[in-house]
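Hello,

Here is the structure we spoke about. Please look through it first, then read the notes below it.

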Amino acid sequence: MTTHNRKVDFLKQALPGIAQMRPYSPGKPVSELARELGLDDIIKLASNENPLGCGELATAAVVSGLDELEMYPDGNGFELKKALSMQHQVASDRITLGNGSNDVLELLARTFVQAGDEVIFSEYAFAVYSLVTQAVGGVSKIAPAKNFGHDLEAMHDLLSAKTKLIFIANPNNPTGTWLASGELKRFLNRVPSQVLVVVDEAYFEYVLESDYPDTAGWISDYPNLVVTRTFSKAHGLASLRMGYSLSHPDVADLMNRIRQPFNVNGLAQLAAAAALGDQTHLQESVKVNQHGLKELEHLCKKMGIGYIPSVGNFLAVDVGKSGNEVFQQLLQEGIIVRPLAEYGMPNYVRITIGTPQQIERVIFALKKVLHK
Ligand SMILES: *Cc1c(COP(=O)(O)O)cnc(C)c1O
């Protein structure tokens, strides 16, 4: 008998955490819906992408990099780190670059969490926190939410001698809720200093509330604080995969030991550095989002549709029935949103703030499918 005829249970062979995982389910790509329905006028409001795209400076930077595709990128990201270091007024040795901030979240888990260690995050939090925890055999400790937002008191209650990491998304995706400076600082003051607190600020640029914290300025006060940011959202560079963390230099040094030597590609480094210098595009993106968010909230209110007030570039909308069903019905209208059943919010869909035209279209379609 040849070996390939023998049955192997690969589930048993896999690491226990991984055998129990379900993969991340991303927003449905436009091309997939186009293939399925033969539609050509499709809008995707499912992955919190920037409806304006990236800025011209970033595009030009990518084009300038096209004649060096045969070269390995700078594995240490010197130029980009220099630009980030200026932007945040922190030393370069506190910066860790990632293939998206998702990469950094995973590096943190792989560096600090071993089988049996505990990781705290909130109910309704970003799906990646549980994935990176499970992958390394960590135990997810999930704090009940308060009004869909993070309840820092409940998170604090879950601390134990086994706690290694705490993930806090500010604002949170998919709920759009946020934590003010004072409450976050009080929490940091109470967390034992060996427990890393990761504040995920993927939507930082969009938040205009006056007491929303810029925790990049706190990392020298709190050695256990790690702040993550991304170029995927407000900077419009999701395709290039570029994110980073700011942390204590020792934390950065440890993550640096396990990251892939060239985890951030050359075009992404060029584009990100250019995007940092493009305040015009960033401000325009934030302005369009602010208007769009207010408009979508206003129209939902007018139609009697509930939603969770958001400070991000998306709105979690209570459709009053199965969000999966509404998701399917909106697909028929050529609109891709994100159903939130997997987040424990079966009656919600998350809608990314698009251009005024896209918002008009999604509202028109919602009226139709919800009979409003
Ligand atoms: C989108 C998102 C990210 C990560 O995005 P990357 O593209 O990997 O940088 C991280 N955290 C939250 C809460 C997000 O919504």
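Glu153 and Arg190 form a salt bridge through their side chains, with 3.2 Å from N to O. This is a predicted model, so the distances here are computed from predicted positions. Glu153 belongs to helix α8 (residues 152-157) and Arg190 to helix α9 (residues 181-190), so the bridge ties together parts that are 37 residues apart in sequence. Glu153 is partly exposed, at a relative accessible area of 42%, and Arg190 is also partly exposed, at 40%.

In general, side chains of opposite charge can pair when their charged atoms come close. The count for this structure is 13 salt bridges. Two others are described here.

Arg361 and Asp41 are joined by a salt bridge of 3.4 Å, N to O. Arg361 sits in helix α14 (residues 356-370), while Asp41 sits in the loop between α3 (30-37) and β1 (43-44), so this pair links parts that are 320 residues apart in sequence. Arg361 counts as partly exposed because its relative accessibility is 23%. Asp41 has 51% and therefore counts as exposed.

Glu36 and Lys28 also meet in a salt bridge, at 3.0 Å from N to O. Glu36 is partly exposed, with 48% relative accessibility, whereas Lys28 is buried, with 13%. Both residues belong to a network of salt bridges that links Lys28, Glu32 and Glu36.

Which residue is buried yet has no salt bridge? It is Arg94; the nearest side chain of opposite charge is that of Asp93, 5.0 Å away. Arg94 is located in the loop between α5 (78-88) and β2 (95-98). Leaving aside residues up to four places away in sequence, Arg94 touches Ile219, Ser220, Ser245, Leu246, Ser247, His248, Pro249 and Ala252.

The last item is a sheet. Four strands make an open sheet in the order β9-β10-β13-β12, and their pairing is antiparallel. β9 (306-308) and β12 (338-339) are at the edges with a single partner strand each, so one side of each has no neighbour in the sheet. Strands β10 (residues 314-318) and β13 (residues 348-352) pair over five bridges, in the antiparallel sense. In this pairing, Phe314 stands opposite Thr352 in β13.

Regards

Key
Residues numbered from 1 in each chain as written. Predicted model: local features only at pLDDT ≥ 70, side-chain atom pairs only at ≥ 80, totals over all residues. Heavy atoms only, no water. Helix = DSSP H or I, 4+ residues; strand = E, 2+ residues; numbered from the N terminus. Buried < 20%, exposed > 50% of the residue type's maximum accessible area, 1.4 Å probe, protein only. Lys, Arg positive; Asp, Glu negative; His and termini not counted. Salt bridge = Lys/Arg side-chain N within 4 Å of Asp/Glu carboxyl O. Contact = heavy atoms within 4.5 Å. Pairing = 2+ DSSP bridges.
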